[in-house]
Amino acid sequence: MFPRMPTCLIVQPIHQDAVSHLRQQGVKVVSPDVPDQATLLRLAADVDAVITRNTGIPADAVADSARLRVIAVHGIGTDAVPVDLATERCVVVINTPDANLQSVAEHAWGLLLAVAKRVPSADRATRDGDFTFKFRSPSRELSGGTLGLLGFGKIAKRVAAMAPAFGVHVVAMSPNQPDEAFRACGVERVPDLRTLLARADFLSVHVPLSAATRALVGAAELALLRGDAIIVNTSRGAVIDEMALAAWLSANPDAGAGLDVFSSEPPPLDHPLLALSNAVLSPHTAASSDAALRRMGMEVAEGVLAVLDGRLPLNVVNPTVLGRLQRLATS
């Protein structure tokens with residue numbers, strides 16, 4: 001048990017098992033009903049730990065907190081967390097890079113299949129009693145096609161591992177992976193984005209959001225795709241220029257997109273992608289299987305407890321902080 005009851009701010013809901021675990025270990029949990037910035041600034045001023053999902057935590061909240069020791073990201077992406085500022089203030093940032101791999105990979109295939117098989121449109125037609133739908137809206141087979149992976153990290157590798165079941169050839173592009181990583185997965189490496197787009201019947205996006213990847217796929221890149229290509233994005237919405245994507249989908253009715261992420265979440269109700277029948281959309285739920293949610297929740301809870309207890313947590317995003325903390329503890 002801790003000498004003083006520490007407080008953990010949970011910005012967005014996590015698995016109840018993880019919340020119960022924190023409480024059982026002597027941590028006070030606070031969680032706002034609506035995580036607006038003003039509320040987060042007020043609550044974060046007096047907490048020892050923060051657990052957040054895609055909302056992140058405002059930089060001002062980190063700067064104004066005198067007790068904050070750890071920010072735990074429930075998921076992979078840390079683009080919504082001020083990591084540099086946290087590092088300056090000796091706040092440990094951790095994430096859960098492996099807990100949702102299977103769930104996100106399955107969702108990527110689910111979106112691809114939903115678009116290719118026109119599942120949402122077929123569902124609506126069935127409910128309307130329109131069985132002539134099958135005569136005017138044929139679906140597509142994936143077998144024999146080429147899946148292009150933009151990025152080749154852990155999730156992309158899991159997606160590639162599922163491809164043989166569908167008879168799909170996989171090509172991938174990543175400047176950060178060695179040739180051996182591609183060979184080990186039986187995936188053909190392509191040298192650049194232009195080649196990837198020209199080869200792909202289906203494109204699945206798996207890169208983190210950064211200055212280098214923001215709007216990486218824009219109008220010029222979309223023009224390199226086949227007119228009936230299918231794009232899937234389960235990474236970050238801003239990697240694709242959404243206005244350009246909407247225009248491309250409108251101009252290419254045989255093409256399609258399966259999107260789980262958006263540059264603004266939720267997207268505005270007048271967003272052009274919401275009006276397109278060849279776009280299948282989900283509200284950032286790729287990692288939200290019950291199994292993945294529990295794994296991520298328990299991992300962030302254990303990471304928070306480790307830091308609060310002076311132990312080394314797993315999956316530290318800013319490891320330079322650990323050396324500083326150790327020096328402070330021994331000085």
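## Aromatic pairs

Rings of Phe, Tyr and Trp (its six-membered ring) are taken to pair if their centres lie within 6.5 Å, with planes under 30 degrees apart counted as stacked, over 60 as edge-to-face and the rest as tilted. By this rule the count comes to two aromatic pairs. In one of them, tryptophan 109 and phenylalanine 166 are stacked, at 4.5 Å centre to centre and with 20° between the planes. This pair links distant parts of the chain, since tryptophan 109 belongs to helix α5 and phenylalanine 166 to the loop between α8 (154-162) and β7 (169-173), 57 residues apart. Helices (H or I, at least four residues) and strands (E, at least two) are DSSP runs, numbered from the N terminus.

## Basis of the description

The model is predicted: local features need pLDDT of at least 70 and side-chain atom pairs count only at pLDDT 80 or more, whereas totals for chains, interfaces and linings use all residues. Residues are numbered from 1 along each chain as its sequence is written, and side-chain values use heavy atoms, with hydrogens and water left out.

Seven strands form an open sheet in the order β8-β7-β6-β9-β10-β11-β12, with parallel pairing; two strands pair if DSSP finds at least two bridges between them. At the edges stand β8 (188-189) and β12 (279-281), each of which pairs on one side only. Four bridges join strand β6 (residues 146-150) and strand β9 (residues 202-205) in the parallel sense.

Helix α5 (residues 101-116) packs on the sheet and touches β6, β9, β10 (230-233), β11 (256-259) and β12. Contact means heavy atoms within 4.5 Å. The direction of α5 makes about 150° with that of β10; axes are lines fitted to C-alpha atoms, for helices over the stretch in contact, and angles run from 0 to 180 degrees between N-to-C directions.

## Helices α1 and α13

The axes of helix α1 (residues 16-24) and helix α13 (residues 290-308) come within 8 Å and cross at roughly 20°. The two helices are therefore roughly parallel to each other, a term for angles under 35 degrees, with over 145 counted as roughly antiparallel, 65 to 115 as roughly perpendicular and the rest as oblique.

From α1, the contact is made by Asp17, Ala18, His21 and Leu22; from α13, by Arg294, Gly297, Met298, Ala301, Glu302, Val304 and Leu305.

## Backbone features in loops

Glutamate 265 and proline 266 are joined by a cis peptide bond with omega of about -5°. Proline 266 lies in the loop between β11 and β12. Histidine 284, in the loop between β12 and α13, has a positive phi near 55°.
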